[in-house]
Amino acid sequence: MFTKPVNVEDYRALAQRRLPKIIFDYLEGGADDETGLRYNHEVFDRYRLMPRRLVDVSKRDIGIELFGRRQAAPFMIGPTGLNGALWPKGDILLARAAERAGIPFVLSTASNDSIEDVAAASKGDFWFQLYIIQRELAEQMVRRAEAAGYSTLVLTTDVGVNGNRERDLRNNFGLPMRYTPRLIYDGLTHPRWSLDFMRNGMPQLANFATADSSNVEVQAAVMSRQMDTSFSWEDLAWLRKLWPRKLFVKGILRPDDAEHCIAAGADGVILSNHGSRQLDTAVSSLEVLAETRARISAPILIDSGYRRGSDIVKALALGANAVLLGRATLYGLAAAGEAGVDHVLRLLEGEVDRTLAQIGCPSVTQLSPDYVMSDGSRPATSAPSVRNSVAA
């Protein structure tokens, strides 16, 4: 085993060593046959970089602006749930790492640290991701996020019903965790994780601790993804009126849906297949990026499968404003806590910077489809890159 991790995959291996199987399977698993997990990685190989030569790249800039706000790198930490099961106070540690890196952090509805506690722990740019479980509860959370100073709301739309995550079903994963002989043995064979767990107790869904409805009832609904399946375009208009700041809609995989979101008042969209944790055979978000950019000029963020800086560069070249990181930063958290997240972010920053130098592009804001070849044809898309014109 290596002594010093040099990429995200190394941190994945370290996370697998430290975590009990039931926890690692929750982090790593996808829906059904998990073909989507592999596909999310394989699709990057369909896009190859086209370097320019004899370009001065002695000074390079990987920073971007989004809504007039500068961030130091073209990615951010996306929303993920139950991070406290990976490392105590996981959400707070991720938020602090994001602040140090000069990038936004998106807190999940299913976080183990509350909206207020995360905001109090750091002074970075906080976004809040919203699941619509009950309308009244959703309104409470939106108002809490506004009061706590969150700059942006992210509505997740791709969890109408729970994805069929068979690893979790086989492991009987859920909250509260059941102390079965299998789980106890799993914990004993992973003593570093178990000691942290015993010192800090079982993670709870902290945002529901003061909910009007039963805490147990609501937590069970979140764990089984019992969302409001009646939520529609008319309800998006309701949310737009409720939230006075920037609003993104997440889970979009169709360019026409992206157009509808912007027409309904959203400030941007997030192309995502939920890391293939919901629908196993969904298209990759990268595959619909170019056409979506051709349809809308509003900011486009993207996630699902990003582990390398070169893949982040490909997404930016095809028209994304920024990439949301999911499992990549969670591997760092699970392996080494806050220091692991810091190092993963530095590794990705270095990979993005190095890729810019290699392709002859001094700034991520100058990336365009001309830097990418797709399936043997050039350019990857004929759509113009309008990322820079919509970032302010």
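## The largest pocket

Four elements, β7 (152-156), α11 (233-242), β8 (246-252) and α12 (255-263), each supply at least two residues of the lining of the largest pocket. Among these contributors, β8 gives the most, with three residues. The structure described here is a predicted model.

The largest pocket holds about 560 Å³ of space. Its lining is made up of 27 residues, and those closest to the pocket centre are T156, T157, D158, V159 and G160. Sorted by class, the lining of the largest pocket has 14 nonpolar, 10 polar and three charged residues.

## Packing of α1 and α15

Two packed helices are described by the angle between their axes and the distance between the axes. Helix α1 (residues 8-18) packs with helix α15 (residues 327-359) at an angle of about 170 degrees, and their axes are 10 Å apart. Angles over 145 degrees count as roughly antiparallel, so α1 is roughly antiparallel to α15.

On the α1 side, the contact is made by V8, Y11, R12, L14, A15 and R18. On the α15 side, A328, Y331, G332, A334, A335, G340, H343, V344, L347 and L348 take part. The residues of this contact of α1 with α15 comprise 11 nonpolar, three polar and two charged.

## A298 in its loop

A298 sits in the loop between α13 (289-295) and β10 (300-302). Because its relative accessible area is 12%, under the 20% cut-off, A298 counts as buried. The C-alpha atom of A298 is separated by 9.0 Å from that of A266, and the two residues are 32 residues apart along the chain.

Notes: Residues are numbered from 1 along each chain as its sequence is written. This is a predicted model: local features need pLDDT of at least 70, side-chain atom pairs count only at pLDDT 80 or more; totals for chains, interfaces and linings use all residues. Side-chain values use heavy atoms; hydrogens and water are left out. Axes are lines fitted to C-alpha atoms, for helices over the stretch in contact, and angles run from 0 to 180 degrees between N-to-C directions. Angles under 35 degrees count as roughly parallel, over 145 as roughly antiparallel, 65 to 115 as roughly perpendicular and the rest as oblique. Contact means heavy atoms within 4.5 Å. Ala, Val, Leu, Ile, Met, Phe, Trp, Tyr, Cys and Pro count as nonpolar, Asp, Glu, Lys and Arg as charged, and the others, Gly among them, as polar. On a 1 Å grid over the protein atoms alone, a cavity is a set of points where a 1.4 Å probe fits but cannot get out, and a pocket is an open set with protein on both sides within 12 Å along at least five of seven lines; lining residues have an atom within 4 Å of a point. Grid points are joined across faces, edges and corners, and a volume is the space filled by probe spheres set on the points. Buried means under 20% relative accessible area, exposed over 50%, partly exposed in between (1.4 Å probe, protein chains only).
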